[in-house]
Amino acid sequence: MPSGGAVAYHNMSPSVFLLFLFVTVPFLPHSALSNPLGFFINCGGTNDVTVDSLKYIADGSYTKVGSVATINKTDLLPTLTTLRYFPNTQSRKFCYTFPVIKGNKYLVKTIYYYGEFDGGKQPPVFDQIIEGTKWSVVNTTEDYSKGLSSYYEVVVVSHGKKLSVCLARNEHTGTSSPFISALEVKSLDASLYNPIDFSKYALVTVSRHHFGGEDIISFPDDKFNRMWQPFKDENPVVTSNSNISSSDFWNLPPVKAISTGITTSKGKPLEIQWPPVLLQSSYYYISLYFQDNRNPSPFSWRTFDVAINGHTFYANLNATSKGVTVYAAQWPLSGQTKITMTPSPDMPVGPIVNAGEVYQILPLSGRTQTRDIIAMEDLAKSLQNPPRDWNGDPCRPKGNSWTGVTCSDQFIARVIALNLTNGGIAGTLPQTIGNLTALSHLWVGGNKLTGIIPDLHGLRELQTLHLENNKFEGSLPPSIEKLPKLHEISSDIQIKKLDAKATKQVK
């Protein structure tokens, strides 16, 4: 199921709340002053480009892998004229990493335009990953055949000081290469899309529409650069006569998205087939926005019941000229969706709806324990040539862990084995490697590692240790002989007064 939408490449640019919200978000680096807070990345580009007043910067500071290509087609947006692709068939994932604020909420958007960069005719199919969770399959074939670019969105909360967005091969990729044209990571106000438990779930965009409008709405009308597509059917369109404020609505929709609506005549129910896509059977976050379009007065309100596929979504809703948001945090949907708004008896006007959002609820696959992440990142920095896929979450998703890294199955995963044998790796072992307290097997033999072996007293689960055929200096730390489960050591250097209990096999 699509998690975003398609855009013509030459045009791409049950609770109820009535609230007034002020939320401040610290400023993030690398954002143009006119941009929303966050990162706007021109993938594969070497220069900054501007699209609809938004500045996109070159991607070299956020990824160190992949190759770049230029798309030689006319009338393309600047962000679609270059891309980054990833031909390495051995790497388990290819990541962009961004410095973020722990606990902040972000809207991540990936944009794809194939442009036949590889000389083929059909776009590659591959996975995309947010943090340690497979977010969706990227299949832009249908969009590209219509001359369209494709985009995907997900709302996620950062659980550390870095946020990773990754691509990965799957069974459909074959010998082709995953690619990406542009990437946005935008900071959202903390109030948006609550009360989802973002420690367990993310929200994948399915539909975001304003009803009765003509044009796509985005930044600067939406300060978060959310894209609101126009939606029309056979129902009459009305325009608001009120002075609307975005802050009067939960989730802060832009004023332009609320300024029009679709309605029906007195006494008739209003029915819409929306979202305009078939949905897979799952749970969804649904947010609907209502506002009485008439001139504000003591009588400018409408009451009606709202049902989705015949089930009551909200009863006796009072939509006033000030506006109201109704949302459900977990609502089951499958296939075609019909929303029915039935007016209360004797209402002088029919129901109205102005805008709506639907997100699929995505269970997170877990993440690596923070202490282990820090230790593994320290190891990556201390090596001159670590494996190319040592970015993003070290353990997750399953099947896309770092090369040579094996992890436990818990939601908060631990690194339990590290095997870099004969990897051609140079560098040193950092002191923090001793913080991998769940590590059972540490194999780094047959490389070009130098320096001293750090203290390993914290590795009380360690069973096997292979350090042979390197260029280490000094002797093994005495703490090794106190590791209770260690039964196999292979090393060119020895421990003074080595305890036989720790050396059932010594080479």
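In the predicted model, the side chains of Arg294 and Asp292 meet in a salt bridge, with an N to O distance of 2.7 Å; a salt bridge is taken as a side-chain nitrogen of Lys or Arg within 4 Å of a carboxyl oxygen of Asp or Glu. Arg294 is partly exposed at 23% relative accessible area, whereas Asp292 is buried at 0%. Here buried denotes under 20% relative accessible area, exposed over 50%, and partly exposed in between (1.4 Å probe, protein chains only). The model is predicted, with local features requiring pLDDT of at least 70 and side-chain atom pairs counted only at pLDDT 80 or more, while totals for chains, interfaces and linings use all residues. Residues are numbered from 1 along each chain as its sequence is written, and side-chain values use heavy atoms, with hydrogens and water left out.

By the salt-bridge rule, the count comes to 19. One of these pairs joins Lys223 and Asp189 at 3.6 Å, N to O. Lys223 lies in the loop between strand E16 (201–211) and strand E17 (229–231), and Asp189 in the loop between strand E15 (182–188) and E16, so the pair ties together parts that are 34 residues apart in sequence. Helices (H or I, at least four residues) and strands (E, at least two) are DSSP runs, numbered from the N terminus. Lys223 is partly exposed, at 47% relative accessibility, and Asp189 is buried, at 6%.

A salt bridge of 3.5 Å, N to O, is also formed by the side chains of Asp221 and Lys256. Asp221 is located in the loop between E16 and E17 and Lys256 in helix H2 (residues 255–258); the pair therefore ties together parts that are 35 residues apart in sequence. Both residues count as partly exposed, Asp221 with 35% and Lys256 with 48% relative accessible area.

Leaving aside neighbours within four places in sequence, the residues in contact with Val108 include Ile130, Trp135, Tyr152, Glu153, Leu163 and Leu183, contact meaning heavy atoms within 4.5 Å.

On a 1 Å grid over the protein atoms alone, a cavity is a set of points where a 1.4 Å probe fits but cannot get out, and a pocket is an open set with protein on both sides within 12 Å along at least five of seven lines; lining residues have an atom within 4 Å of a point.

The largest pocket has a volume of about 1,100 Å³. Of its 46 lining residues, Thr97, Lys162, Glu377, Asn391 and Gly392 are the closest to its centre. The largest share of the lining, seven residues, comes from H3. By class, the lining divides into 20 nonpolar, 15 polar and eleven charged residues.

Terms used:
Points joined across faces, edges and corners; volume = space filled by probe spheres on them. Nonpolar A, V, L, I, M, F, W, Y, C, P; charged D, E, K, R; others polar.
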